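Here's a quick briefing to read next to the model.

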Amino acid sequence: DIISGRTTERNGQTYYEFDMAAAPETCGSSKENLGLGFCPYDNIFLLSATVVDSRLYVACVECDSTRIWKLASAELKRVRSSFTVEVV
C-alpha cells in the first residue's frame with residue numbers, strides 16, 4: 001500500500017518520497033488483528049527517488065517491525081531524506 005507521497009527539492013534536484021507498507025497475507029485471529037478486519041503491516045518501506053541525466057536513482061529504507069517503527073519512525077524518515085545524488 002502507498003501510505004503517502006510527496007515531492008521535495010534538495011540542491012535544485014526534485015526528489016519523490018513515498019511511505020509504503022506491506023501487510024501479511026493472513027493474520028487470522030491474532031491479537032494484532034484487534035477485531036478490525038485488517039492486519040497491521042509487516043514491513044514499512046520509505047523510498048526516495050530522483051532522475052538525473054535520464055537515469056532513475058532510488059534509496060529504500062526498510063523497517064520490518066511495527067514496534068521499531070513506533071520508536072524510530074522520525075529517525076528512519078531522516079535517513080531517507082538524507083539521500084542525494086550529485087550532479088557532475
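Asparagine 11 sits out in the open: its relative accessible area is 77%, which makes it exposed (over 50%; buried is under 20%, partly exposed in between, with a 1.4 Å probe and protein chains only). Keep in mind that this is a predicted model, where local features need pLDDT of at least 70, side-chain atom pairs count only at pLDDT 80 or more, and totals for chains, interfaces and linings use all residues. Residues are numbered from 1 along each chain as its sequence is written, and side-chain values use heavy atoms, with hydrogens and water left out.

**Two loop residues**
- Asparagine 11 isn't a glycine, yet its phi is positive, at about 55°.
- You'll find asparagine 11 in the loop that links strand E1 (2–10) to strand E2 (13–22).
- Serine 54 is another non-glycine with a positive phi, about 65° here.
- Look for serine 54 in the loop between strand E3 (43–52) and strand E4 (55–63).
- Serine 54 counts as exposed, at 75% relative accessibility.

**Overall layout**
- The protein chain has four strands and one helix, where helices (H or I, at least four residues) and strands (E, at least two) are DSSP runs numbered from the N terminus.
- Along the sequence, the order is β-β-β-β-α.

**Burial, contacts and surface**
- Of the 88 residues in the protein chain, 30% are buried.
- Take the contacts (heavy atoms within 4.5 Å) with a separation of 6 or more: 41% of them come from residues 24 or more positions apart.
- The protein chain's accessible surface is about 6300 Å², and carbon and sulfur atoms hold 52% of that; the areas come from the Shrake-Rupley method with a 1.4 Å probe, and for residues, only the protein chains shown count as cover.
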